[in-house]
Amino acid sequence: MSKDGSKPTTPVRRLAARSSVSRPVVTPIYPSVVYASTSPDQLDAQYEGGEFGFTYAREGHPNADLLATRIDQMEGGTGGVVTGSGMAAVTAAALGVLKSGDHILGGDQLYGRSLRLMAEDLPRFGIETSLADPTNRDALASAIRPNTRMILVEVVSNPTLRLADMEAIYELAKAHGLLVVVDNTFTTPSAYHPFAEGADIVVHSITKLLAGHSDVTLGYVAARDPQLAETIRSFAVTTGMTPSPNECWLAERGLYTFDLRYQKSCENAAYLAEFLSEQPGVKRVLYPGRSDHPDHARAKTLLNGAFGNMVSFEIAGGRAGANALVKAMPDLPFAPTLGDVGTTLSHPATSSHRALTPEAREKLGMSEGFFRISVGIEDIDLLKTDFAAGCAAAAKL
Ligand SMILES: *Cc1c(COP(=O)(O)O)cnc(C)c1O
């Protein structure tokens, strides 16, 4: 007590901000790790689900909660959980559900790290894994074992942009009682709705198109069955896969422009695919919206009229042609990611698929001249200028 009887003030005791009758338009960031309840009774009610309240940030916080709800709405699901990365979401879907002795079947062109999870990590926990061509019904059917429990698939494969036979996958899953996990990162909720089509679990790398600015790494996983969703959430919380408020806030900010960005990127991708096919030195262009794409008919039925923002192509001249192309377009980031506002270019042979032998890459259709473009929202004329210069440089060799 001070002389006049008032309590001494100390900045250590936190003050609540003055409450405002008007609300902030933008979501505040809630960095608080812990939340104070008013009594043990209330805390008890929070844990038992009688009252809603946050307790500890790893278990949940407003920024993650809001972001998960937004993506739930886009996916037509409920109870999704945001994770620290897309790979955390894939891992939670597998390790949070499967047990030793189960078998998981994966598409043979999954995201690189998902392939690695299948090849190296799940087997250490006694989970059997194998891969099959997801475009081929017979290959899928014959890969199913008595202990198969789950199929992990991407609707559009990376980087050859093949379309999985989703109809066959849902049919097989139904017949054998399997859980279908769809990694919807490439297709996004704009082009494909896994839950509406029959998927049990949806995962996303929010890092890519949903957040859209290459400045945040996050993932999302949701299950159709509420109990399964709770199992996955609990696994993510226990293993510390849950994200920081700052990242969630940034991703939420990106999400507001997702529809516009995706629409414009798809438009640009269609133009660029056409333009590339007319350039010197271009041996082939892969884009699901083109009638010469091997899965064009399937893309038309599966993708809701949006053929995606990814275009792949092969330039003549092998590695030398590839080097010449990249060097001739210095303003276009040569970077192995996707879904940024700006166009980026990646070379699978030296990045995502470098672990494969040249023969294995060749079999998948990825030569040294093979590139994958993640098309952004810039003016199409700018892209044409860049790629014209790149292709001309490769063709001149
Ligand atoms: C990038 C990506 C992932 C992994 O996401 P991260 O956020 O990088 O962990 C998973 N699946 C697909 C299809 C991806 O493109």
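Student: How many bridges join E1 to strand E7, and in which sense do the two strands run?

Tutor: Please keep in mind that this is a predicted model. Three bridges join E1 to E7 (residues 219-223), and the two strands run antiparallel; as at least two bridges are needed for a pair, E1 and E7 count as paired strands. Within this pairing, Val82 has Tyr220 of E7 as its bridge partner.

Student: What makes E1 an edge strand of its sheet?

Tutor: The sheet is an open one of seven strands in the order E1-E7-E6-E5-E4-E2-E3, with mixed pairing. Strand E1 (81-83) and E3 each have a single partner strand, so one side of each is left without a neighbour in the sheet. On average, neighbouring strands of this sheet are turned by 20 degrees against each other, with direction ignored. Helix H6 (residues 166-176) packs on this sheet, where it touches strand E4 (148-154) and strand E5 (179-183), and the direction of H6 makes about 150 degrees with that of E5.

Student: How do you know that strand E2 is largely enclosed by the rest of the structure?

Tutor: A residue counts as buried under 20% relative accessible area, and five of the five residues of E2 (residues 103-107) are buried, so the strand is largely enclosed. His103, Leu105 and Gly107 point one way from E2, while Ile104 and Gly106 point the other way, and all are buried. In a regular strand the side chains alternate between the two faces of the sheet.

Student: Which strand pairs with E2 in the parallel sense, and over how many bridges?

Tutor: Strand E3 (residues 128-132) pairs with E2 in the parallel sense over five bridges, and Gly106 has Leu131 in E3 as its bridge partner.

Student: Why are helices H11 and H15 called roughly parallel?

Tutor: Two packed helices are described by the angle between their axes and the distance between the axes. The axes of H11 (residues 258-277) and H15 (residues 380-396) come within 10 Å and cross at roughly 30 degrees. Angles under 35 degrees count as roughly parallel, and H11 and H15 are therefore roughly parallel to each other. H11 passes H15 in a right-handed crossing. The contact is made by Asn268, Tyr271, Leu272, Phe275 and Leu276 of H11, together with Ile380, Leu383, Lys384, Phe387, Ala388 and Cys391 of H15; by class, these are nine nonpolar, one polar and one charged residues.

Student: What is the handedness of the crossing of H2 and H10, and which residues meet there?

Tutor: The axes of H2 (residues 62-75) and H10 (residues 245-255) come within 8 Å and cross at roughly 35 degrees, and the crossing is left-handed. On the side of H2 the contact involves Asn63, Ala64, Leu66, Leu67, Arg70, Ile71 and Met74, which meet Pro245, Cys248, Trp249, Ala251, Glu252 and Leu255 in H10. The residues of this contact divide into ten nonpolar, one polar and two charged.

Student: What makes E8 and E10 the edge strands of the sheet of four strands?

Tutor: That open sheet has the order E8-E9-E11-E10, with antiparallel pairing, and strand E8 (282-286) and strand E10 (344-346) are its edge strands, as each pairs on one side only. E8 pairs with strand E9 (residues 310-315) in the antiparallel sense over four bridges, and Val285 stands opposite Phe313 in E9. H15 packs on the sheet, touching E8, E9, E10 and strand E11 (370-374), and the direction of H15 makes about 25 degrees with that of E9.

Notes
Residues numbered from 1 in each chain as written. Predicted model: local features only at pLDDT ≥ 70, side-chain atom pairs only at ≥ 80, totals over all residues. Heavy atoms only, no water. Axes fitted to C-alpha atoms, helices over the stretch in contact; angles between N-to-C directions. Parallel < 35°, antiparallel > 145°, perpendicular 65-115°, else oblique. Left-handed = near helix turned anticlockwise from the far one by under 90°. Contact = heavy atoms within 4.5 Å. Nonpolar A, V, L, I, M, F, W, Y, C, P; charged D, E, K, R; others polar. Buried < 20%, exposed > 50% of the residue type's maximum accessible area, 1.4 Å probe, protein only.
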